[in-house]
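Subject: The structure, and some notes to go with it

Hi there,

Here is the structure I promised to pass on. Have a look at it first, and then read on for what turned up.

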Number of protein chains: 2
Amino acid sequence: MTVEIICVGTELLLGNIVNTNAAFLAEKCAALGLSSYFQIVVGDNRERLLQTIKTAVKRADIVLLSGGLGPTGDDLTKDVAAEAFGRRLVEDEKSRRHIEAYFAQRGITPTENNWKQALVPEGAKAIPNKNGTAPGIIMEENGKYAILLPGPPGELKPMFTDSVMPYLRTLEDDVIESVTVKVVDIGESRAETMVLDLMENQSNPTIAPYAKTGEVHFRITARAKNSKEAQDLIAPMAEELKKRFGSHIYTMEEEVTLEAAVAELLAEKNWTIATAESCTGGLLASRLVNVPGVSKVFHAGFVTYADEAKQNLIGVKEETLERFGAVSRETAWEMAVGAAKTAGADVTVSITGIAGPDGGTKEKPVGLVYIGCYVNGQVCVEEYRFIGSRLTIRESVVSAALVLLRKCIIGK
Amino acid sequence: MTVEIICVGTELLLGNIVNTNAAFLAEKCAALGLSSYFQIVVGDNRERLLQTIKTAVKRADIVLLSGGLGPTGDDLTKDVAAEAFGRRLVEDEKSRRHIEAYFAQRGITPTENNWKQALVPEGAKAIPNKNGTAPGIIMEENGKYAILLPGPPGELKPMFTDSVMPYLRTLEDDVIESVTVKVVDIGESRAETMVLDLMENQSNPTIAPYAKTGEVHFRITARAKNSKEAQDLIAPMAEELKKRFGSHIYTMEEEVTLEAAVAELLAEKNWTIATAESCTGGLLASRLVNVPGVSKVFHAGFVTYADEAKQNLIGVKEETLERFGAVSRETAWEMAVGAAKTAGADVTVSITGIAGPDGGTKEKPVGLVYIGCYVNGQVCVEEYRFIGSRLTIRESVVSAALVLLRKCIIGK
C-alpha cells in the first residue's frame with residue numbers, strides 16, 4: 001500500500017519550526033512496509049488544503065495528515081478532510097467527555113471553541129489523545145484511508161505508535177525488514193560503484209546508499225510474507241556486501257554509530273582512551289561521550305587550543321612547536337604521546353589543524369590537519385586536507401579521526 | 001513573488017533524515033518577503049520529480065530544489081529540471097576545474113561519475129560550491145525561476161546565503177529588510193506573551209518569533225521602496241523590543257551566535273576562558289572553538305569524564321567526590337576553581353550532570369546538572385533539570401552554560 005504524508009501549518013511554510021513530524025511518520029511508515037512517494041506541507045488555507053487532500057487521495061491508499069486539529073479558527077484539517085470524503089461533522093460523545101475531563105482535571109473552564117474538538121466526520125473512528133484534547137481520526141471510503149493526527153509531536157508520536165500503527169498493520173499482509181550496512185574509509189561514489197551491479201535491476205531485496213559525513217550506509221530492504229522469509233532474502237545480500245567491503249564495514253546494526261562501534265572495540269580490549277584536540281576543540285570527545293555507557297573506556301580529554309596549553313597540559317615541547325609549528329606531524333605525535341602519559345590511557349587520538357576561515361598560509365592552508373593515534377606505545381600520524389566552512393572542516397576531521405582510530409585498533 | 005520548495009531524496013521519504021533544509025530555506029525566503037504555499041518532498045524518481053517540478057512552476061514564480069545533485073545514478077534533479085525547462089545539459093568549464101581541484105587537493109582520483117557534476121542546463125548559471133563538488137544552478141524561462149541546490153546542509157546553507165539570496169533580492173522592486181533580536185534566559189511562551197500586543201494587527205513591520213534551543217529569536221521584517229525606508233520602519237520596533245527585553249538581548253545581528261557574543265564579551269575585557277566538562281564531554285568547548293578567532297580568549301578545556309580525571313587533571317578533592325558525589329554543587333564548584341588554577345584562566349565554566357539514559361537515581365535523576373562559573377575569583381553554581389534524550393540534554397546544558405556565563409560576565 002502507499003501512503004502520502006501531509007503536514008498542515010503556516011509555521012512550517014515560514015520555517016518557524018522544523019518538520020520533525022514528517023520524518024517520524026515517514027520512518028514508521030517505511031518500517032510498516034508502506035511506500036511513500038510524496039510529502040506535502042500546506043498552510044492553514046481551506047482551498048489549498050482541499051486540493052492537496054484530493055490529489056493525495058487519488059495517488060495514495062492512505063493519507064496521513066498532521067496538524068490543524070486545534071480549537072482555533074485557523075484549524076481546518078478536520079472540516080476540509082470531511083468535505084473531501086463527503087462527510088458531515090457530528091459530535092463524538094466519548095471525545096466530548098474526554099475534553100470535559102481534561103479541563104476539569106486542570107480546573108479550567110473550556111471556551112466554546114474547545115467543543116469543536118469533539119466533532120468527528122460521520123462514520124469515522126475517533127482516536128483517543130492521552131496528551132491533549134484533540135482526538136485523532138481514521139476515515140475510510142472505498143479502500144482509501146484518511147488518518148488525522150494532532151500537530152504537537154508530544155501528542156502525535158504516542159498516538160501514532162499506540163493506536164495508528166496497530167491499525168495500519170491490519171491493512172497489509174506483507175512484512176518489511178531491513179538491515180543497514182555502514183561503511184567507512186571509502187568515498188560515496190567509489191562505494192556505490194562497488195555495488196552498482198547489485199543495484200541495477202534490483203527488486204527484492206533492494207539496496208539504497210545513504211551518504212553521511214565520512215560514511216556511506218547501504219540499506220538492504222526485503223518484503224515477504226513473514227519476518228523469517230524477509231530475513232532469508234536479506235542474508236545473501238548482506239553476505240555479498242561483507243565480501244566486498246570487508247573491514248570497511250563497522251556495523252550492520254541501524255542504531256550503532258561509528259563512535260559507538262569504536263567504544264565497543266575499546267571495551268572488548270579493555271582499553272581506555274583519552275583525546276587531545278586543538279582545532280576540533282572538544283568535538284571528538286563530545287561525540288565519544290554521546291555514547292551511553294562510554295565511561296567504561298573514556299576517562300579524559302584535553303582541548304589544547306593555545307600553544308601553552310599543548311605544552312603545559314600534555315607536555316608538547318616548546319622546541320617542537322617552534323621548529324615545526326603547532327600544525328605539524330611532530331606536534332600531533334607529541335600530543336598523542338603526551339595525552340596518553342598525562343591521562344594514563346591505553347589509546348589516544350590527537351588532532352591539530354587549521355579550521356579557518358583565517359590562519360592559513362601557502363605552506364599550511366586552511367583545511368590542513370594532522371591526526372595522531374597512540375595505541376599501547378605505537379604511534380601513527382596521518383595528514384589530511386579538508387575543505388569547507390569552519391564547522392564542516394571540524395566535523396569532517398572528527399569523522400576522519402574516528403576512522404583512523406578504528407583502523408589503528410583493529411590493526412589495519 | 002511566490003516560491004515553492006521541493007526537497008528531493010528518497011532518504012526524506014523514508015524518514016532517514018529530518019528535512020532541516022526546508023525549514024532553513026523557508027525561513028530565508030520569508031525573510032526575503034517571498035510568499036510560500038507548498039513544500040514538497042519527492043523521491044529520486046524521474047517521472048514523479050518531473051511532475052512535481054511542472055506543477056510547482058505553474059503555481060509559483062520561483063522553484064527552489066534541494067538535493068539530487070550528487071554524482072550517483074539516483075541523483076536526477078539536474079536532468080529532470082533541465083527537461084522541465086526544455087534545456088539540454090552542457091559541461092561547465094569552471095565547474096569541471098573546481099571538481100579537478102577539489103579531488104587533487106585530497107590526492108584522490110575522481111571516478112567517471114564525478115564529472116557528471118560539471119554538467120549544467122544550457123544557458124543556466126552555475127553557482128560555485130565552496131564546500132563540495134556539486135555546483136548550484138539558476139535557470140530562468142518566461143519569468144519563472146528554478147534554483148537547484150545541493151542536499152548536504154553544509155553545502156546548501158552557505159551557497160544559499162552567499163549566492164542565492166543576493167540574486168533573489170535583484171528580482172523584486174521592493175526591498176525587504178529584517179533585524180533579528182536574539183533573547184536568552186526567558187522561556188518561549190513568556191517571551192511571546194511579552195510582545196503579543198505588538199504581534200496582533202501587525203502589518204509592516206512584522207514580528208515573528210523563532211524558538212531555538214535555549215533561545216528565542218524575534219525577526220522584525222519591513223517591506224519598503226528602499227533600504228533606508230525599511231530600516232526606518234524597523235528602528236522603532238527594535239527600540240521597543242530593547243525596552244522590553246533589556247539585557248536578555250545578546251545581539252541584534254543575524255549572524256552572531258550566543259557563543260560568539262560571549263567570546264566578544266571576554267575579548268572586550270581581555271579575559272581568557274577555560275572549560276571543565278563532564279557530561280557534555282567537550283561540547284561546550286567545541287561550541288566556543290567554532291567562533292573564528294576565539295584563540296584570543298579560549299586557551300584550554302578539560303573533559304573530566306571519570307572521577308580520577310576530575311581529581312588528577314583539575315584537582316577536585318577525593319573527599320568531595322565521596323561525600324557529595326560527582327554530580328553535585330560542590331564538585332561543580334571545585335571543577336570551576338581547579339580548571340582556573342590549572343589553565344591559568346580568568347574565567348571558567350564547569351559542567352557536571354547526568355545525561356542519561358542510565359545513571360539516574362531518585363535523588364539524582366537523569367537531567368540533573370550543575371553548572372559552575374568562575375570569574376576572577378568569584379564562583380557561582382546553578383542547579384538545572386533538563387528532560388529529553390542524551391543528546392538533547394547535553395545540547396540544552398551547553399546553551400544554559402553559555403547563558404550563565406554571559407550573566408556572570410555582564411554581572412547580572
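The second largest cavity holds about 50 Å³ of space. Please keep in mind that this is a predicted model, so each value below is computed from it.

That second largest cavity is lined by A:Gly68, A:Leu69, A:Gly70, A:Asp75, A:Lys78, A:Asp79, A:Lys116 and A:Gln117. Sorted by class, its lining has four charged residues, three polar ones and one nonpolar one.

By class, the lining of the largest cavity has five nonpolar and four polar residues, with no charged ones. If you wonder how such spaces are found, rolling a probe the size of a water molecule over the atoms shows where empty space is left.

Next, some helix packing in chain B. Two packed helices are described by the angle between their axes and the distance between the axes.

Take helix α2 (residues 20-31) and helix α6 (residues 153-169) of chain B: they pack at an angle of about 15°, and their axes are 11 Å apart. Angles under 35 degrees count as roughly parallel, and α2(B) and α6(B) are therefore roughly parallel to each other. The crossing in which α2(B) passes α6(B) is right-handed. On the α2(B) side, the residues that meet α6(B) are B:Thr20, B:Asn21, B:Phe24, B:Leu25, B:Lys28 and B:Cys29. Their partners in α6(B) are B:Pro153, B:Leu156, B:Lys157, B:Phe160, B:Thr161 and B:Met165. This contact of α2(B) with α6(B) has seven nonpolar, three polar and two charged residues.

The other pair is helix α10 (residues 258-269) and helix α15 (residues 390-410) of chain B, which pack at an angle of about 25° with their axes 10 Å apart. α10(B) and α15(B) are therefore roughly parallel to each other as well, and α10(B) passes α15(B) in a left-handed crossing. From α10(B), B:Leu258, B:Glu259, B:Val262, B:Leu265, B:Leu266 and B:Lys269 take part. They meet B:Ser399, B:Leu402, B:Val403, B:Leu405, B:Arg406, B:Ile409 and B:Ile410 in α15(B). The contact of α10(B) with α15(B) divides into nine nonpolar, three charged and one polar.

Finally, a few backbone details to look up on your screen:

- B:Asn204 and B:Pro205 are joined by a cis peptide bond, with omega about 5°. B:Pro205 lies in the loop between α8 (196-199) and β10 (206-212) of chain B.
- The peptide bond from B:Gly356 to B:Pro357 is also cis, and its omega is near 0°. You will find B:Pro357 in the loop between β15 (347-353) and β16 (368-375) of chain B.
- A:Asn270 has a phi near 60°, a positive value in a residue other than glycine. A:Asn270 sits in the loop between α10 (258-269) and β13 (273-277) of chain A.

Happy to go through any of this with you.

Best wishes

Conventions:
Residues numbered from 1 in each chain as written. Chains lettered and ligands numbered in written order. Predicted model: local features only at pLDDT ≥ 70, side-chain atom pairs only at ≥ 80, totals over all residues. Heavy atoms only, no water. Axes fitted to C-alpha atoms, helices over the stretch in contact; angles between N-to-C directions. Helix = DSSP H or I, 4+ residues; strand = E, 2+ residues; numbered from the N terminus. Parallel < 35°, antiparallel > 145°, perpendicular 65-115°, else oblique. Left-handed = near helix turned anticlockwise from the far one by under 90°. Contact = heavy atoms within 4.5 Å. Nonpolar A, V, L, I, M, F, W, Y, C, P; charged D, E, K, R; others polar. 1 Å grid on protein atoms, 1.4 Å probe; cavity = no way out; pocket = protein on both sides within 12 Å on 5 of 7 lines; lining within 4 Å. Points joined across faces, edges and corners; volume = space filled by probe spheres on them.
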